[in-house]
Amino acid sequence: MMIPVRCFTCGNVVGEHWEEFKARAREGDENPAEVLDELGVERHCCRRMLVSHKDLVDVVAPYQ
């Protein structure tokens with residue numbers, strides 16, 4: 001889950017795209033710009049938010 005769920009600048013919901021973006025782009029399989037185009041994320045602020053996001057859940061709570 002991406003926290004925050006909404007874009008800081010425009011307020012659009014971007015959290016719903018995080019899991020698929022992370023799975024496809026962060027693993028190096030695909031170009032992040034192409035993944036965002038396919039997911040329908042068009043605004044620059046939302047794209048920036050997804051590309052620059054660091055998932056801290058794994059860092060804060062490494063034990064499950």
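Colleague: Why is serine 52 called exposed?

Modeller: Serine 52 has a relative accessible area of 52%, and exposed means over 50%, buried under 20% and partly exposed in between, with a 1.4 Å probe and protein chains only. Serine 52 therefore counts as exposed. This is a predicted model, in which local features need pLDDT of at least 70, side-chain atom pairs count only at pLDDT 80 or more, and totals for chains, interfaces and linings use all residues. Residues are numbered from 1 along each chain as its sequence is written, and side-chain values use heavy atoms, with hydrogens and water left out.

Colleague: Where does serine 52 lie, and what is found 2.7 Å from a polar atom of its side chain?

Modeller: Serine 52 belongs to helix H3, residues 44-52. The backbone oxygen of arginine 48 is 2.7 Å from a polar atom of the serine 52 side chain.

Colleague: How many helices and strands are there in the protein?

Modeller: The protein has 4 helices and 0 strands, and its elements run α-α-α-α from the N terminus. Helices are DSSP runs of H or I with at least four residues, strands are E runs of at least two, and both are numbered from the N terminus. Of the 64 residues, 31% are buried.

Colleague: What makes H1 and H2 roughly antiparallel?

Modeller: The axes of H1 (residues 18-26) and H2 (residues 32-39) cross at roughly 150° and come within 9 Å. Angles run from 0 to 180 degrees between N-to-C directions of axes fitted to C-alpha atoms, for helices over the stretch in contact. Under 35 degrees is roughly parallel, over 145 roughly antiparallel, 65 to 115 roughly perpendicular and the rest oblique. H1 and H2 are therefore roughly antiparallel.

Colleague: Which residues of H1 and H2 meet?

Modeller: Glu20, Phe21, Arg24 and Ala25 of H1 meet Pro32, Val35, Leu36, Glu38 and Leu39 of H2, where contact means heavy atoms within 4.5 Å. The residues of this contact comprise 6 nonpolar, no polar and 3 charged; Ala, Val, Leu, Ile, Met, Phe, Trp, Tyr, Cys and Pro count as nonpolar, Asp, Glu, Lys and Arg as charged, and the others, Gly among them, as polar.

Colleague: Why does arginine 24 count as buried?

Modeller: Its relative accessibility is 17%, so arginine 24 is buried. Leaving aside neighbours within four places in sequence, arginine 24 touches Asp29, Glu30, Val35 and Glu38.

Colleague: What makes a polar contact with the side chain of arginine 24?

Modeller: The side chains of glutamate 30, at 2.9 Å, and glutamate 38, at 2.3 Å. A polar contact is a pair of N or O atoms within 3.5 Å; within protein, one must be able to donate a hydrogen and the other to accept it, and residues adjacent in sequence count only if both atoms are side-chain atoms.
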